[in-house]
Amino acid sequence: PTATTTTTTTKPATTSNEPDTSNNDSLETEVITSIKNVASTAPQILKSPNEFFSTLGSFGKTSGALITSKWLTPEALEECTVFWDDGLRVMMRDLFRSYVFSRQPTRYRGKEWAALGWF
């Protein structure tokens with residue numbers, strides 16, 4: 001009797017952390033197309049504003065989908081949160097050092113505190 005062997009190959013499983021490049025490529029293509037559509041209807045904005053705003057809305061939808069899939073990932077949001085949290089800690093540390101370890105003329109006054117509101 002002869003022995004028969006069969007071999008099977010399995011495709012490596014993809015992890016959920018790997019970006020779907022084919023989806024991003026198609027979304028980028030859709031954004032480029034919608035930009036071209038907006039640019040082509042812009043000269044006719046006075047004649048047909050509805051068409052212009054329709055293409056502008058399409059651009060908003062496609063670019064929003066691209067941003068959501070590419071940049072609003074859990075990892076990116078975590079990095080953003082860490083960035084702002086670290087910045088707040090550094091600013092508070094520097095304010096504390098300036099106030100506690102400085103002479104009276106170098107302490108923050110009302111105008112300086114008001115400017116910090118922008119940050």
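Which residue forms a salt bridge with Asp85? Select Asp85 and look around: the partner is Arg89, with the closest N and O atoms 3.0 Å apart. (A salt bridge here is a side-chain nitrogen of Lys or Arg within 4 Å of a carboxyl oxygen of Asp or Glu.)

Before you go on, know that this is a predicted model, where local features need pLDDT of at least 70 and side-chain atom pairs count only at pLDDT 80 or more, while totals for chains, interfaces and linings use all residues. Residues are numbered from 1 along each chain as its sequence is written, and side-chain values use heavy atoms, with hydrogens and water left out.

**Stop 1: helix H3**

Stay with that pair. Arg89 and Asp85 sit four residues apart in helix H3 (residues 74-100), so about one helical turn separates them. (Helices are DSSP runs of H or I, at least four residues, numbered from the N terminus.) Arg89 is exposed, with a relative accessible area of 57%, and Asp85 is partly exposed at 30%. (Buried means under 20% relative accessible area, exposed over 50%, and partly exposed in between, using a 1.4 Å probe and protein chains only.)

**Stop 2: Lys70 and Glu28**

The structure holds two salt bridges. For another one, select Lys70 and Glu28, whose closest N and O atoms are 2.6 Å apart. Lys70 belongs to helix H2 and Glu28 to helix H1, so this pair ties together parts that are 42 residues apart in sequence. Lys70 counts as partly exposed at 35% relative accessibility, and Glu28 counts as partly exposed at 29%.

**Stop 3: Thr41**

Now click on Thr41, in helix H1 (residues 21-41). Is Thr41 buried or exposed? At 8% relative accessibility, Thr41 counts as buried. Show its side chain and you'll find a polar contact with the side chain of Thr55, at 3.0 Å. (That's a pair of N or O atoms within 3.5 Å; within protein, one must be able to donate a hydrogen and the other to accept it, and residues adjacent in sequence count only if both atoms are side-chain atoms.) Leaving aside neighbours within four places in sequence, Thr41 is in contact (heavy atoms within 4.5 Å) with Glu51, Phe52 and Thr55.

**Stop 4: a nonpolar patch**

(Patch residues have over 30% relative accessible area and no salt bridge, with nonpolar side chains joined within 5 Å; areas come from the Shrake-Rupley method with a 1.4 Å probe.) Leu56 is in helix H2 (residues 49-70) and counts as partly exposed at 35% relative accessibility.

Note on methods
Helices (H or I, at least four residues) and strands (E, at least two) are DSSP runs, numbered from the N terminus.
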